[in-house]
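Come along and keep the picture beside you.

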Amino acid sequence: LMHNVITNAWRGDPYSVDTLFLFMANMAWNSSMNTAEVRRMLADKAEDGEYKIPFIVVCDTFQSETVAFADLVLPAPTFLEYRDLYKSYGHYYLQIGKPAVEALGEAKPNLEVFRLLAKRLGFTDACFGDTEFDRMRQALDTRSPFLVGIDFDGLKAGEIQRLNVPEDKDPFAEGFYTPSGKLEFYSQSMARLGHDPLPAYV
């Protein structure tokens with residue numbers, strides 16, 4: 001929903017922002033978005049000559065197209081430089097990836113950036129003290145039947161664990177995990193939360 005964030009920041013909806021922080025997404029060049037419109041909004045000015053989005057921070061590993069619109073660029077590490085929980089893409093396994101090398105220069109993982117930013121802004125919520133392992137435990141602490149039997153200590157020790165999906169079963173053969181059981185183009189859940197229930201084209 002990053003493109004919605006950019007659109008809302010540009011519109012000042014529901015309120016104006018003085019800073020837009022973009023990370024883990026190259027929104028000025030993404031095949032699923034209207035990139036020309038996104039670029040226009042990132043550089044658009046109001047009648048008084050001031051930028052509609054006054055200050056843009058981009059945290060990225062590469063000199064992406066979005067970096068060209070940034071007032072401040074923060075270096076992000078590659079996946080080889082920080083610890084993370086990796087879910088399945090095209091398979092049914094979970095593992096914790098460990099850093100192969102130290103992060104170069106001043107690059108910091110997103111979690112560390114948010115912790116430091118929260119501290120500077122004066123936030124004292126307990127969540128900003130969470131470690132990487134705390135966040136991983138929280139991510140796995142769900143009612144999902146696929147995560148039954150996943151042993152976090154085993155993951156920490158380097159085990160690769162299969163999700164709770166039978167070898168001979170397609171997890172979506174009996175429907176999707178939505179209230180209707182169908183692939184929902186119109187989401188009643190999003191509507192109840194006050195969001196647009198339909199996919200948006202910006």
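**Ground rules**

I take helices (H or I, at least four residues) and strands (E, at least two) as DSSP runs, numbered from the N terminus. I keep in mind that this is a predicted model, where local features need pLDDT of at least 70, side-chain atom pairs count only at pLDDT 80 or more, and totals for chains, interfaces and linings use all residues. I number residues from 1 along each chain as its sequence is written, and side-chain values use heavy atoms, with hydrogens and water left out.

**Entry: a cis bond**

I looked up P14 and found it in the loop between α1 and β1. A cis peptide bond joins D13 and P14, with omega at about 10 degrees.

Next I turned to the strands, where two of them pair if DSSP finds at least two bridges between them. I found an open sheet of three strands in the order β1-β2-β3, with parallel pairing. At the edges stand β1 (20-23) and β3 (72-75), each with a single partner strand, so one side of each is left without a neighbour in the sheet. Direction ignored, neighbouring strands of this sheet are turned by 20 degrees against each other on average. I noted four bridges between β1 and strand β2 (residues 56-60), which pair in the parallel sense. I followed F21 across and reached V57, its bridge partner in β2.

Then I checked what lies over the sheet. Helix α3 (residues 110-121) lies across β1, β2 and β3, and runs at about 160 degrees to β1. For such angles, axes are lines fitted to C-alpha atoms (for helices over the stretch in contact), and values run from 0 to 180 degrees between N-to-C directions. Contact here means heavy atoms within 4.5 Å.

**Entry: the cores**

Which residues touch the most other members of the largest nonpolar core? I found I6, L20, L22, V38, L42, I53 and I56, out of 14 residues. Such a core is a set of buried Ala, Val, Leu, Ile, Met, Phe, Trp, Tyr and Cys residues joined through side-chain atoms within 4.5 Å. Buried means under 20% relative accessible area, exposed over 50%, and partly exposed in between (1.4 Å probe, protein chains only). At least two residues of this core come from each of α1 (2-11), β1, α2 (35-43) and β2.

I picked I56 and listed what it touches: L20, L22, L42, F69, A70, D71 and L72, not counting residues up to four places away in sequence. There is also a second, separate core of 11 residues, which includes L94, L147, F152 and L155.

**Entry: one face of α2**

I looked for the buried residues of α2 and found T35, V38, M41 and L42. Down the axis of α2, these buried residues fall within an arc of 125 degrees, so they line one face of the helix. That arc is taken from the directions from the helix axis to the C-beta atoms.

**Entry: aromatic pairs**

I describe a pair of aromatic rings by the distance of the centres and the angle of the planes. Rings of Phe, Tyr and Trp (its six-membered ring) pair if their centres lie within 6.5 Å; planes under 30 degrees apart count as stacked, over 60 as edge-to-face and the rest as tilted. By this rule I have five aromatic pairs. One of them is F23 with F114, edge-to-face at 5.1 Å centre to centre and 75 degrees between the planes. This pair links distant parts of the chain, with F23 in strand β1 and F114 in helix α3, 91 residues apart. F23 is partly exposed at 24% relative accessibility, and F114 is partly exposed at 28%. F123 and F128 make a tilted pair, at 5.9 Å centre to centre and 40 degrees between the planes. I also noted that F21, F23 and F114 form one aromatic cluster.

**Entry: two loop residues**

Is T66 buried or exposed? T66 is buried, with a relative accessible area of 0%, and lies in the loop between β2 and β3. Leaving aside neighbours within four places in sequence, T66 is in contact with L22, A25, N26, M27, A28 and V58.

M24 sits in the loop between β1 and α2. M24 is exposed at 69% relative accessibility, and has a positive phi of about 55 degrees although it is not a glycine.

**Entry: antiparallel strands**

Last, I traced strand β4 (residues 84-86), which three bridges join to strand β5 (residues 93-97) in antiparallel fashion. L85 has I96 as its bridge partner in β5.
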